[in-house]
Each structure stands twice: as C-alpha cells, then as structure tokens.
Amino acid sequence: MDISKFGINDFDIQIQDYCSERKINIPDSYKSFLKKYNGGLTINTKFEINGIKSDIKAFYGLGDVKYSLNKVDIIEDDKTKYIPVACDSFGNMIVLSLLDDTIYFANHEKSNSVISLNCNLKEFINKCISGGIKPESLKSVEEREADLIARGRGGIITEQLRDLWREEIEKYSSIELEHVDF
C-alpha cells in the first residue's frame, strides 16, 4: 500500500496526550505506524478481505492534519473499545480492537456494527492495494482541453471546468507517495 504521510512533530508528547485524554493504551503496532507515517492519504487504494470490499481514503493521524484521530470518537461496545485507524470514501471506518489487536470494519449505516477482518494492522495494510495517482489527474489544462475537443466534446469546456482541473492538478502534483513498510 502507498501513502502520502502526514508527518508529525513531538510524536511522543502527542501520543501520550491522546492516550491519557481517552484513558486507553494503543497497541505497539499502531504506535509504530503513527510514529513513522502519522496516517496519510491513500490514493486509489482498495481492499477485499473476508467478503468486505471497500476503498481506503486515508489513515488517521495525530494533531492538526486533514484526517485527525483527535476528531473521531473511539467506538465502544459491551466488551471492546475500537480506535479508528482509517476511513473509506463512504464514511465507514477501519478500526483496531484495543482488546485483541485485530482490525474490524465499522459500517456507519449500522450503528455499532463492527465486522472482524481477521487480521492485524500489518496484515491489513499488506492486503491493501494502491493504484497510485492516475496519469490523467496530472494532465495539464491544455491537454485536457485537447482531449475533449478530439472527442467532439469541446463545447463543455468552461472557465469553471478549467478551475476544477487546476485544483485537481495542484492537489495531485503536490502528493508524494511512499510504500508503507513498518
């Protein structure tokens, strides 16, 4: 799996504060992941495990990041607390059981519905497949215009469409992906 990590300063202080505030202990595997990557964007990443199939939009990180662990709640049921580690583009979360260090899929449409994926964090990450940034996401405005004109669709080109293209180009050209290895 590839990730555009968020990075972090003062990791030891932030993880200690996070755990103290929530009165939890995070498994060492997740601490190692956070220390090395602090979550991050996962472009064009998918998984299929035990009949559960989805994408991964991002892994949560600590502090002032786009997908902040500090802004999502711990999920609890009668026996277990689950810490969110990632989210998909549909609002579901991938969570880690603080009881047995197992990854679960938390379906947001079914309250308190967590389904075991029967793997730990490292196994889960190894089963995620990243497709990288699609080449068309990096095409210039001029290239995109030429493509539409060549397909006979030049009439849909507007300044608003060009602005959307510029935003996409800016977003993807600033992303640096690296393979997750921890």
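This is a predicted model: local features need pLDDT of at least 70, side-chain atom pairs count only at pLDDT 80 or more; totals for chains, interfaces and linings use all residues.
**Entry 1: D88**

I started with D88, and I found that D88 touches S54, D55, I56, K57 and F105, leaving aside residues up to four places away in sequence. For a contact I asked for heavy atoms within 4.5 Å. Residues are numbered from 1 along each chain as its sequence is written, and side-chain values use heavy atoms, with hydrogens and water left out.

Where is D88 found? I located D88 in the loop between β5 (81-87) and β6 (93-97). My helices (H or I, at least four residues) and strands (E, at least two) are DSSP runs, numbered from the N terminus.

Next I looked for a charged partner. D88 is buried yet has no salt bridge, and the nearest side chain of opposite charge, K57, is 8.3 Å away. I used these cut-offs: buried is under 20% relative accessible area, exposed is over 50%, and partly exposed is in between, with a 1.4 Å probe and protein chains only. A salt bridge needs a side-chain nitrogen of Lys or Arg within 4 Å of a carboxyl oxygen of Asp or Glu.

What does the side chain of D88 reach? I noted the backbone nitrogen of F90 at 2.9 Å, and also the backbone nitrogen of N92 at 2.9 Å.

**Entry 2: the whole chain**

I stepped back to see the protein chain. I counted five helices and ten strands in its secondary structure. The C-alpha trace spans about 60 × 40 × 25 Å along its principal axes.

How much of the chain is buried? Of the 182 residues in the protein chain, 43% are buried. I then checked contacts between residues at least 6 apart in sequence, and 56% of these join residues at least 24 apart.

The accessible surface of the chain comes to about 10500 Å², and 45% of that surface belongs to carbon and sulfur atoms. This area comes from the Shrake-Rupley method with a 1.4 Å probe.

For charges, I compared the mean positions of the 24 positive and 31 negative ones, which are 3 Å apart. Lys and Arg count as positive and Asp and Glu as negative, while His and the chain ends are not counted. The place of a charge is NZ of Lys, CZ of Arg, CG of Asp or CD of Glu.

**Entry 3: salt bridges**

Side chains of opposite charge can pair when their charged atoms come close. How many salt bridges does a search of the whole structure find? I got eight salt bridges, and I looked up some of them.

K139 forms one with D147, with the closest N and O atoms 2.6 Å apart. I list K139 as partly exposed because its relative accessibility is 29%, and D147 is also partly exposed, at 31%.

E145 pairs with R162, the closest N and O atoms being 2.4 Å apart. This pair links distant parts of the chain: E145 is in helix α4 (residues 141-150) and R162 is in helix α5 (residues 159-173), 17 residues apart. Is E145 buried or exposed? E145 has a relative accessible area of 19%, so I count E145 as buried. R162, at 22% relative accessibility, is partly exposed.

E159 forms a salt bridge with R166, with 3.1 Å between the closest N and O atoms. E159 is partly exposed at 42%, and R166 is partly exposed at 38%. I was pleased to see that salt bridges with shared partners join E145, E159, R162, D163 and R166 into one network.

**Entry 4: H179**

I found H179 in strand β10 (residues 178-179). With a relative accessible area of 52%, H179 is exposed. H179 touches M1, D2 and Y37, again without residues up to four places away in sequence. The C-alpha atoms of H179 and S4 are separated by 8.9 Å, though the two are 175 residues apart along the chain. A polar atom of the H179 side chain lies 3.4 Å from the backbone oxygen of M1.

**Entry 5: two positive phi angles**

K23 is not a glycine, yet has a positive phi of about 55°. K23 lies in the loop between α1 (11-22) and α2 (28-37). Because its relative accessibility is 70%, K23 counts as exposed.

N50 is not a glycine either, and has a positive phi of about 50°. I found N50 in the loop between β2 (40-49) and β3 (52-59).

Note on methods: A polar contact is a pair of N or O atoms within 3.5 Å; within protein, one must be able to donate a hydrogen and the other to accept it, and residues adjacent in sequence count only if both atoms are side-chain atoms.
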